Amino acid sequence: MRTAVYPGTFDPITYGHLDVIGRGSKIFDELVVAVAESLPPIGPKGPAKETLFTVEERLEMIKELTGEFENVRVEHFSGLVVDYVRKKKTNVLLRGIRTVSDFEYEFQMALTNRTFAPEVETVFVMASQDYSFLSSRLIKEAASLGANLSSFVPPEVERRLKEKLKWLG
Ligand code: ADP
């Protein structure tokens, strides 16, 4: 039985993430989508901002949207991702890759994780090119400007984004 862990912030989940989940679910016997509880205080683009959605909201949306996949589980984690992978008694970490700029960051992260946990292999999949430009950050920006998000996120996620932004004023 081969289990892979697909970690991320998923703030919120997009069609790009769902594409990676669909591909991962076909490769592995079991796929654990691991939602980061909070962002590390510093990231590749400087100090991290808070997430827009709480971990409960992010979990709820992902569970709703991945219900059709029988071998996908959705969980949350905090701390080092390789520690979580070990806790799941597996050694595969799944990540999605979009662009060359993603590659640079993902490459650094995979090698850093390898020094922490040499037995853990990071496996990359590419989403469909229709989604290769999608990022949660851009979607949040577009949402705040009132854009139509129907090609980027499922209707329920769009509804929640609009509701959240209304609340935030
Ligand atoms: P993180 O904050 O860990 O980068 P994200 O939720 O932004 O979390 O992304 C989780 C993973 O999904 C990353 O490997 C990221 O590259 C990948 N990913 C995000 N959007 C896409 C997309 N549109 N196509 C392919 N992979 C994607």
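"Buried" here means under 20% relative accessible area, "exposed" means over 50%, and "partly exposed" is what sits in between (1.4 Å probe, protein chains only). This is a predicted model, so to speak of local features we ask for pLDDT of at least 70, and side-chain atom pairs count only at pLDDT 80 or more, while totals for chains, interfaces and linings use all residues. Residues are numbered from 1 along each chain as its sequence is written, and side-chain values use heavy atoms, with hydrogens and water left out.

**View 1. The whole protein chain, before zooming in.** Six helices and seven strands make up the element count of the protein chain, in the order β-α-β-β-β-α-β-α-β-α-β-α-α from the N terminus. Those labels are DSSP runs numbered from the N terminus: helices are H or I with at least four residues, strands are E with at least two. Of the 169 residues, 45% count as buried. With a contact taken as heavy atoms within 4.5 Å, 72% of the contacts between residues at least 6 apart in sequence join residues at least 24 apart.

**View 2. The largest nonpolar core.** A nonpolar core is a set of buried Ala, Val, Leu, Ile, Met, Phe, Trp, Tyr and Cys residues joined through side-chain atoms within 4.5 Å. The largest one has 32 residues, and Ile13, Ile21, Leu94 and Leu161 have the most contacts inside it. Elements that each supply at least two residues of this core include β1 (3–8), α1 (15–27), β6 (92–97) and α6 (155–168). Helix α2 gives the largest share, five residues. In soluble globular proteins, nonpolar side chains tend to be buried together.

**View 3. Ile13 and its partners.** Skipping residues up to four places away in sequence, Ile13 touches Leu18, Ile21, Met61, Ile62, Leu65, Val153 and Val157. A second, separate core has 12 residues, among them Val5, Ala36, Tyr84 and Leu93.

**View 4. The loop between β1 and α1.** Pro12 lies in this loop, and a cis peptide bond joins Asp11 and Pro12, with omega about 0°. Phe10 is in the loop between β1 and α1 too. Its phi is near 50°, a positive value in a residue other than glycine. Phe10 counts as buried because its relative accessibility is 2%. For background, most residues other than glycine have a negative phi, and most peptide bonds are trans.

**View 5. Lys89, out in the open.** Lys89 is found in the loop between α3 (81–87) and β6. Lys89 isn't a glycine, yet its phi is positive, about 60°. At 77% relative accessibility, Lys89 counts as exposed.

**View 6. Glu106 in helix α4.** Helix α4 covers residues 100–116 and holds Glu106. With a relative accessible area of 6%, Glu106 is buried. Setting aside neighbours within four places in sequence, Glu106 is in contact with Arg95, Gly96, Ile97 and Phe124. The C-alpha atoms of Glu106 and Gly96 are separated by 8.9 Å, and the two residues are 10 apart along the chain.

**View 7. Thr122 in strand β7.** Thr122 belongs to strand β7 (residues 121–126). Its relative accessibility is 19%, so Thr122 counts as buried. Not counting residues up to four places away in sequence, Thr122 touches Leu93, Arg95 and Ala110.
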